[in-house]
Amino acid sequence: RVKRHSEDPKKFKDEISSSLARLRSLYRHALLDHAVFLAGANKELVGSLWKTCYYKPIEEYRGKIRKYNAHVAAAKEKEQAGLSFHGYTVQQLQAHVSSLMSHLSTFLSDGMVYFQSLVAELEGVMVDLRTQSSTVDDTDAAVTTVAFQRRCVYQCLLYLGDLARYKQLHSASLGGRSYEEAERYYERAGMLQPSAGNSQNQ
């Protein structure tokens with residue numbers, strides 16, 4: 001459904017928002033309320049959440065930005081020759097690129113808020129499980145679930161780093177790019193799971 005309105009930046013943004021809001025809610029519900037089952041079944045859910053709800057839409061936005069930037073360059077050449085580019089002016093195409101970049105920036109910011117909230121909630125579940133572990137009959141299940149939640153937090157921190165990096169990569173600011181925020185998330189992830197190594201590869 002996402003591609004149906006993809007040529008109109010606002011419709012594309014609205015389509016993404018309505019299509020993904022329920023998915024994000026379902027993922028959150030599963031991770032917070034069914035952690036014991038997911039841990040026992042060794043289900044990897046955070047990566048699926050990232051790929052479905054964020055990575056694919058981000059790449060769709062990025063593809064369209066590249067496409068319309070190419071159109072801008074072509075329109076400038078046509079304009080110099082006294083021709084039009086399929087009836088569009090350079091200014092119209094540049095406005096389209098700006099709109100796409102603005103919507104992408106909002107999407108990335110919303111994604112960071114979502115993952116920050118999810119990290120806080122997952123960490124809360126971990127604390128509760130540790131507190132209850134001494135009274136839970138199946139302590140092995142509790143330990144497995146805490147380890148699963150820690151892995152989920154680790155992945156969320158990596159994706160927060162990726163979102164922060166995307167924001168800087170597509171920033172319209174003329175003041176230069178800074179990846180310090182992304183690096184902080186990667187460092188937090190590395191501290192949480194030093195043996196994983198993924199944060200060192202970002």
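This is a predicted model: local features need pLDDT of at least 70, side-chain atom pairs count only at pLDDT 80 or more; totals for chains, interfaces and linings use all residues.

User: What makes the pair of Trp-50 and Tyr-54 stacked?

Analyst: The angle decides here. Their ring centres are 6.2 Å apart, and rings pair if their centres lie within 6.5 Å. The planes meet at 20°, and planes under 30 degrees apart count as stacked, so this pair is stacked. Both residues lie in helix 3, four residues apart, about one turn of the helix.

User: Why is the pair of Tyr-54 and Phe-107 called tilted?

Analyst: With 5.5 Å centre to centre, the two rings form a pair. Their planes are 40° apart; under 30 degrees would be stacked and over 60 edge-to-face, so the rest is tilted. Tyr-54 lies in helix 3 and Phe-107 in helix 4, so the pair ties together parts that are 53 residues apart in sequence. Both residues also belong to a cluster linked by ring pairs, whose members include Tyr-61 and Tyr-114.

User: How do you know that Tyr-54 is buried?

Analyst: Its relative accessible area is 1%, and the cut-off for buried is under 20%, so Tyr-54 is buried.

User: And why is Thr-106 called partly exposed?

Analyst: Thr-106, in helix 4, has a relative accessible area of 32%. Buried is under 20% and exposed over 50%, so Thr-106 falls in between and is partly exposed.

Key: Residues are numbered from 1 along each chain as its sequence is written. Side-chain values use heavy atoms; hydrogens and water are left out. Helices (H or I, at least four residues) and strands (E, at least two) are DSSP runs, numbered from the N terminus. Buried means under 20% relative accessible area, exposed over 50%, partly exposed in between (1.4 Å probe, protein chains only). Rings of Phe, Tyr and Trp (its six-membered ring) pair if their centres lie within 6.5 Å; planes under 30 degrees apart count as stacked, over 60 as edge-to-face and the rest as tilted.
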